[in-house]
Amino acid sequence: MHSRPVRSALYIPGSKPRALDKARGLPCDAILFDLEDAVTPDAKVSARSILQQALAQGGYGARLRLVRINALDTAWGEDDARAAADMDCDGVLVPKVSDPADLDAVAALVPDLPLWAMMETPRGVLNAQAIASHGRLAGVVIGTNDLANDLGARTRGALTTALQHCLLAARAAGIPAIDGVFNAYQDDEGLRAECSDGRDMGFDGKSLIHPAQIEIANAVFGATPTEIDLARRQIAAFDRAARDGQGVAVVDGRIVENLHIVTARATLAKADAIAALERT
Ligand SMILES: CC(C)(COP(=O)(O)OP(=O)(O)OC[C@H]1O[C@@H](n2cnc3c(N)ncnc32)[C@H](O)[C@@H]1OP(=O)(O)O)[C@@H](O)C(=O)NCCC(=O)NCCSC(=O)C[C@H](O)C(=O)O
Ligand SMILES: [Mg+2]
């Protein structure tokens, strides 16, 4: 569990001033300012300066601000990385990371900002542990569209092994992991089901393509009143048991051990962090 909430991470094309402005008032936890796939080749260069100006102008509050650059093997990647290094943001999101050397190359151009990795190539998934443990890496975002494309996969179920492998790598490295996008942005029930699937797997949040998806992701990846109430009762029961010299308590007919208390405290910390973010 991580102190900064990333329940909802919205992609915004860096080429669209109206969307960049609208984002200042949206309740997403993170913004993925995109210079890569959401921007057409003819708009790549101008998007860089549009985005730089939007970030300099500010107004994005306490949201996590990541700039997704183009890959270094494209015509735009190196200039994107140099430009992003000077932008007012919280990190650089590197697309199509296939091994740690891809991160080394961006790290050399971006000396002072945390890096995030898009996990979206077959080689990247196979190298997930080495990528997630890179010293400059602060988190991973799954790119389910590219991954499905490269695999020839036609369902989310076909990606399960890859999703779990990336999540295992992120957890082992102690960094957050954000699930891939749900493309049918007008299908609320489909989105809710896919968010629940990601949440059940252990993801920290969902990447999104449209503002209408934010509320559902925030609800599914947040701490519900029922979860908060259970966490408080577990902690109280465990404290009582400890005072009586017991190492185990029982709440709602289930045993509560120390590891459940770690989770309960993390649930309360997450609820506090969300409340603090929503106050800003
Ligand atoms: C999908 C869209 C093209 C739809 O755009 P549009 O038709 O303009 O939608 P609406 O008319 O419903 O928009 C309503 C208002 O909301 C604003 N808006 C729309 N999208 C965004 C957004 N992402 N961020 C901020 N604001 C947004 C519109 O400007 C309207 O505002 P207003 O005019 O003031 O009412 C569009 O949503 C879009 O472009 N989405 C982003 C697509 C994208 O980023 N794609 C790339 C990322 S996905 C990916 O690459 C994942 C990964 O790499 C992988 O491999 O899986
Ligand atoms: Mg992609």
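The following questions and answers concern the predicted model of a single chain.

Residues are numbered from 1 along each chain as its sequence is written, and chains are lettered from A and ligands numbered from 1 in the order in which they are written. In this predicted model, local features need pLDDT of at least 70 and side-chain atom pairs count only at pLDDT 80 or more, while totals for chains, interfaces and linings use all residues.

Q: Why is strand β6 (residues 137–142) called largely enclosed?
A: A residue is buried if 20 or more other C-beta atoms, placed from the backbone, lie within 10 Å of its own, exposed if 12 or fewer, and partly exposed in between. Six of the six residues of β6 are buried, so the rest of the structure largely encloses this strand. For the chain, 43% of the 280 residues count as buried.

Q: How do you know that β5 (residues 115–119) and β6 pair?
A: Strands are DSSP runs of E of at least two residues, numbered from the N terminus, and two strands pair if DSSP finds at least two bridges between them. Five bridges join β5 and β6 in the parallel sense, with Leu-137 as the bridge partner of Leu-115.

Q: What makes β6 and β7 (residues 177–179) a pair?
A: The two strands run parallel and are joined by two bridges, and the definition requires at least two. Ala-177 is the bridge partner of Val-140.

Methods
Helices (H or I, at least four residues) and strands (E, at least two) are DSSP runs, numbered from the N terminus.
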